[in-house]
Amino acid sequence: MGVLQAAREKLSETNIFARARKPKAPEFITCKSCRRRSSREDWEQHFYVCPNCGAYSPVGADYRLSLILDKGTRRDLFTDLHAMDPLGFPGYKDKIKRQEIKTGLNESAVCVTGRINHHKVVVCILDSRFFMGSMSSVVGEKVTRAIEYADNAKLPLIIFSASGGARMQEGIYSLMQMAKTAAMVERFSEHGGLYISFLTHPTTGGVTASFATLGDITLAEPQALIGFAGPRVIEQTIGRKLPKGFQRSEYLYEHGFIDKIVERSEMKDVLSDLLDLHEVKNA
């Protein structure tokens with residue numbers, strides 16, 4: 001028995017070393033736009049913009065914050081607020097649990113304070129991984145509290161929007177957040193606060209019709225879909241084809257809706273420059 005056990009241990013040890021010597025298979029990501037594959041390393045070096053066609057891939061809140069905030073300055077706000085089921089919508093609680101496990105988030109809105117090249121700011125990001133960044137009652141509450149926090153602390157506010165609109169499982173509770181967040185933005189503006197709205201793909205529905213389009217300065221990532229209803233819905237309603245590129249960042253920039261289209265690699269520099277100008281103005 002001792003010999004058999006020793007043989008098993010030797011075989012196990014050999015297998016471990018064999019696995020250790022075996023080169024790790026490279027990870028590849030397939031672009032949803034051009035369908036070409038590139039290594040994860042290439043995607044990371046290009047800030048998750050396709051190395052082949054330049055199409056933008058959605059990114060999570062943590063990654064985006066790591067790109068814009070000075071290292072070690074992040075402090076999370078309102079972490080005790082979790083997604084709720086105010087209407088008792090069938091199956092909604094189970095879906096919330098699955099989203100929490102999948103993303104590690106307790107809602108689609110992530111709010112923090114931090115510094116961008118030493119400028120202290122309040123940042124709120126809608127993470128499209130959690131229910132497509134849809135606006136629930138808790139998302140509206142977190143956005144409202146972030147605006148209020150920035151107002152009380154006299155800090156600039158930056159909101160990154162990415163949303164499919166109001167969350168249908170919460171009905172009127174979700175729709176009420178449009179007026180609630182818009183009213184808080186108005187108060188913040190009356191008190192002289194700087195609000196930079198950064199639109200990413202997609203920004204649609206009730207989020208577009210409320211806080212996302214009320215910024216003092218409106219920025220957007222390239223190619224982002226921005227609008228209230230989707231292009232197909234509009235075409236079906238009006239019975240004709242829309243112009244090429246309609247509701248994309250570039251189209252909206254050409255028509256004066258957006259102040260600047262910002263590459264992901266330039267986010268921090270552009271935000272820092274705007275904060276510099278704001279600081280000089282208020283000096």
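Where is the place of glutamate 107? In this predicted model, where local features need pLDDT of at least 70, side-chain atom pairs count only at pLDDT 80 or more, and totals for chains, interfaces and linings use all residues, glutamate 107 sits in the loop between helix H4 (92-103) and strand E4; helices (H or I, at least four residues) and strands (E, at least two) are DSSP runs numbered from the N terminus. Residues are numbered from 1 along each chain as its sequence is written, and side-chain values use heavy atoms, with hydrogens and water left out.

Glutamate 107 is buried, with a relative accessible area of 0%; buried means under 20%, exposed over 50% and partly exposed in between (1.4 Å probe, protein chains only). Its contacts (heavy atoms within 4.5 Å) include His82, Phe130 and Val139, not counting residues up to four places away in sequence. The side chain of glutamate 107 also makes polar contacts with the side chains of serine 136, at 2.6 Å, and arginine 167, at 2.9 Å. Such a contact is a pair of N or O atoms within 3.5 Å; within protein, one must be able to donate a hydrogen and the other to accept it, and residues adjacent in sequence count only if both atoms are side-chain atoms.

Turning to the nonpolar cores (buried Ala, Val, Leu, Ile, Met, Phe, Trp, Tyr and Cys residues joined through side-chain atoms within 4.5 Å), the largest has 32 residues, and Leu157 and Phe211 have the most contacts inside it. Helix H5 gives this core its largest share, 6 residues. Phenylalanine 211 touches, among others, Leu126, Val143 and Ile159, not counting residues up to four places away in sequence.
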